[in-house]
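Visitor: I've got a model to look through and I'd like to know what the labels on it rest on. Can you walk me through it?

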Amino acid sequence: MNRLESKVAIITGGNAGIGEAIARRFAEEGASVVVTGRRRQELDRVVTVIRHHKGKALAVVGSVTEEAHAQEVVRQTVDSFGRIDILVNNAGIGDFGKRLHETDDATWANVLDVNVTGVFRITRAVVPQMLKQGRGAIVNISSIASLVGLPTLPTYAASKGALDALTRALAIDYARDGIRCNVVNPGLINTPMAAPLVADPERLQPILAQYAIRRPGTPEEVANLVLYLASDEAAWVTGATFPIDGGMTVCKG
Ligand SMILES: NC(=O)c1ccc[n+]([C@@H]2O[C@H](COP(=O)([O-])OP(=O)(O)OC[C@H]3O[C@@H](n4cnc5c(N)ncnc54)[C@H](OP(=O)(O)O)[C@@H]3O)[C@@H](O)[C@H]2O)c1
């Protein structure tokens, strides 16, 4: 029996990197998946791959920074598949290589708008449907940047710290409505976001020296953890934080 048989899942930022791996893994396990993102061509590519493997997928193009998009994602998902069982808030952007005094207002506002307010908007649009159904699972994709101090990413760290706290707040507020909410905190994962770093051995090696398992993770490894949390196997798991980081946050060299 497939682990997500007859479930319907929305994955924001499902057209690349970790989000794409989650969408493909979920579809393999029987879910109907709705992928979102701003780049239509990349969305169409993921939908085509999933359908090629006999999965069910739909793309909704748009930005998590737009309320109308959040409403449209929910409308199209319910119109096409009749329900929403799983929401993965994966869409996110980084701002790396600057300290706080080098960060301008526009960058700060943009990162917070996508990584925090975007999750607020999409989740606010989805929750009424989950309340109607009396069940649902939300998985937020955060980062180890919310768990340990890392250099030159203050805006990103602040945004992911807010996401961890929001996860716990949602878990408490909706537990008795049958809605679970958990957060996954990846370390360095080989995706387009991390590609410049992964391709630069001089910068990569000192970073990997901080990982007990001395390699970057893969999007598929993150997808497997998200699959567990989204599935009924995790029925008693809510409000929890899950580092997936090759031991980075416990490694002392
Ligand atoms: N890679 C890592 O090392 C790493 C580590 C820890 C946490 N994470 C987190 O994992 C998540 C996925 O990261 P990734 O590495 O897979 O990044 P990625 O390869 O850059 O993919 C980011 C995804 O987010 C979407 N996105 C960005 N801005 C958006 C917006 N305004 N509205 C809708 N979608 C938007 C992108 O699609 P469009 O560009 O088409 O909009 C894309 O699908 C992020 O939340 C990131 O912070 C990544």
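Visitor: Which element gives the most to the shell around the ligand?

Guide: α1 does, with three residues. Helices here are DSSP runs of H or I of at least four residues, strands are E runs of at least two, and both are numbered from the N terminus. Before we go on: this is a predicted model, where local features need pLDDT of at least 70 and side-chain atom pairs count only at pLDDT 80 or more, while totals for chains, interfaces and linings use all residues. Residues are numbered from 1 along each chain as its sequence is written.

Visitor: Which residues come nearest to the ligand?

Guide: Of the 29 residues around the ligand, those are G13, G17, G37, R38 and G92. A residue gets into that group if its C-beta atom, placed from the backbone, lies within 6 Å of the molecule. The elements giving two or more residues to the shell are α1 (17-28) and β2 (32-37).

Visitor: What makes up the shell, by class?

Guide: There are 13 nonpolar, 13 polar and three charged residues. Nonpolar means Ala, Val, Leu, Ile, Met, Phe, Trp, Tyr, Cys and Pro, charged means Asp, Glu, Lys and Arg, and the others, Gly among them, are polar.

Visitor: How do you know which strands pair in the sheet, and in what order do they come?

Guide: Two strands pair if DSSP finds at least two bridges between them. β2 and β3 have six bridges in the parallel sense, and four bridges join β1 to β2, also parallel, so both pairs meet the rule of at least two. The open sheet has seven strands in the order β3-β2-β1-β4-β5-β6-β7, with parallel pairing.

Visitor: Why are β3 and β7 called edge strands?

Guide: β3 (56-61) and β7 (241-244) each pair on one side only.

Visitor: Which residues stand opposite each other around β2?

Guide: V8 stands opposite S32, and S32 in turn stands opposite K56 in β3. V35 has A59 of β3 opposite.

Visitor: What makes the β1, α1 and β2 unit right-handed?

Guide: The rule is that, with the strands pointing away from the viewer, the path from the first strand over the helix to the second runs clockwise. β1, α1 and β2 make a right-handed β-α-β unit, and so do β2, helix α2 (residues 40-52) and β3.

Visitor: Why is V184 called buried?

Guide: Buried takes 20 or more other C-beta atoms, placed from the backbone, within 10 Å of a residue's own; exposed is 12 or fewer, and partly exposed is in between. V184 has 25 such neighbours, so it counts as buried. V184 is in strand β6.

Visitor: How many residues of β2 are buried?

Guide: Six of its six. S32, V34 and T36 are on one side and V33, V35 and G37 on the other. In a regular strand, side chains alternate between the two faces of the sheet.

Visitor: What is the phi of K54 and of T152?

Guide: K54, in the loop between α2 and β3, has a positive phi of about 70° although it is not a glycine. T152, in the loop between β5 and α5 (154-174), has a positive phi near 55°. Most residues other than glycine have a negative phi.
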